[in-house]
Amino acid sequence: MSQKTLEAIVFSKHDNTLKILDQLLLPYNTHYITIESIDDAFNAIKSMQVRGAPAIAIVGAFAITVDIWRNLSNSKRTIADLMERIDYLETSRPTAVNLSNALNDIKHLLRNRYEINDVVDATTFEAVKEYSVGLHEGDLSNNYTLGDNGVKYITETLKKQSFKGPFSIVTVCNTGSLATAGHGTALGIIRSVHSQLKKGKGENDFWFEHAYPLETRPYNQGARLTAYELAYEKIPFTLICDNMVTSLISSLNKNRSIKDSSAPVKFIIVGADRVVKNGDSANKIGTFQLAAIANYFNSSVFSEESQKISFIVAAPTTTIDYKSASGDNIVIEERPSRELTTLEGPLLDKDGNVGKKKVVGIAPPGIQVWNPAFDVTPHELIDAIVTEKYPVYQKNDGEFLL
């Protein structure tokens, strides 16, 4: 195992260079890739060497910055040429609205300051760099605030329910430092909860005890990345498969210990790649079923208010799509078949030493595969949307007003 890190994006303001952590190699290898152009960023985003809606947007913006910097000597490059390249970059991950929001901001900036046939120059570079640095630093600050807001909502919810004792949290995919500028969204809330709602800390009669990240098939961001981050932060957790959630909730509710904890699941916290005006939220495939499971237990199994599970979407306001009325308007990206029919990773010997990376087939070759990257959770199944703003978004007469 090489040196561990949670820094996914490294931009040097001094020499205008961009490096990203290759997340396809985690958790066994830490390697940074240099991004020198919009093409480099497109390939890194498309191949999921960088992923997570906020991180994708930040890398996209910084890639435009370094692309301009490296091509300043090209006196024939116009604003129109640059805009065309920005449009191309946007097609790398269509569902993640943070990327399109950031790129649209940059295009708006360019339209307001330049004519379409103006040459891209040093002033263009400085304007885009300023925006990109602000996006990066703002995301980090917002994530810490989002985490605190999540703690407030969780505390208020548990007090209203008169809940006492330990509780656990389920999450899916990876929504931490590796998916953002740092700290994270859904995983950022778990970080903040772990820090602020410990047993014996404060006057509360409840405390956070355990996290359950899902492996998150088919790309295993939960097993590879969220588990990596939780272990890094020394947050108590147990990895489970995507199809174990109902058994987990049921067992814990009956006070049966799973490994070393019997703390009931009180919250399912997920991230989002796009949240639309009515609150419908697109996130990693498998998120919708988590909301449906929570709804089943809340409506058909749990008789006491203190047993209820809250389903929370955690996302910065940069993830909100104010133009789309409902989730029906969200374009769902379909990933390559091989991600479902193969497993990829390094060989490990009996002592745990890491060898060469291999691809292993797990399904008949040439079969038909459907591999959507995301699903859309309807707002009816969402209890709260936590952003960097407070109070959190909650339903009024069954509707979110974003």
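**A walk through a predicted model**

Hello everyone, let's begin with D273, which is buried at a relative accessible area of 9%. By buried I mean under 20% relative accessible area; exposed is over 50%, and partly exposed is in between, using a 1.4 Å probe and protein chains only. Before going on, please keep in mind that this is a predicted model: local features need pLDDT of at least 70, side-chain atom pairs count only at pLDDT 80 or more, and totals for chains, interfaces and linings use all residues. Residues are numbered from 1 along each chain as its sequence is written, and side-chain values use heavy atoms, with hydrogens and water left out.

You'll find D273 in the loop between β6 (265-270) and β7 (274-276). Helices (H or I, at least four residues) and strands (E, at least two) are DSSP runs, numbered from the N terminus. Leaving aside neighbours within four places in sequence, D273 is in contact with residues including T95, N98, K284 and F374, where contact means heavy atoms within 4.5 Å.

T180 is in the loop between β4 (165-171) and α6 (186-196), and at 1% relative accessibility T180 counts as buried. The T180 side chain reaches the backbone nitrogen of G184 at 3.5 Å. Beyond neighbours within four places in sequence, T180 is in contact with I9, P54, A55, D139, N143 and T185.

And where is Q23? Q23 is found in the loop between β2 (17-21) and β3 (32-35), and its relative accessibility of 0% makes it buried. Its side chain makes a polar contact with the side chain of R51, at 3.0 Å. A polar contact is a pair of N or O atoms within 3.5 Å; within protein, one must be able to donate a hydrogen and the other to accept it, and residues adjacent in sequence count only if both atoms are side-chain atoms.

On to charged pairs. A salt bridge is a side-chain nitrogen of Lys or Arg within 4 Å of a carboxyl oxygen of Asp or Glu, and by this rule the count comes to 15. One of them joins D39 and R85, at 2.5 Å from N to O. That pair links distant parts of the chain, with D39 in helix α1 (residues 38-46) and R85 in helix α3 (residues 79-90), 46 residues apart. D39 is partly exposed at 35%, and R85 is partly exposed at 25%.

What does D87 pair with? The side chain of D87 meets that of K107 in a salt bridge of 2.6 Å, N to O. D87 lies in helix α3 and K107 in helix α4 (residues 97-113), so the pair ties together parts 20 residues apart in sequence. D87 is partly exposed, at 37%, whereas K107 is buried, at 8%.

E344 and K357 also form a salt bridge, at 3.2 Å from N to O. Here E344 sits in strand β11 (residues 342-348) and K357 in strand β12, 13 residues apart. E344 is exposed at 52%, while K357 is partly exposed at 39%. Finally, salt bridges that share partners join R93, E333, R335 and E339 into one network.
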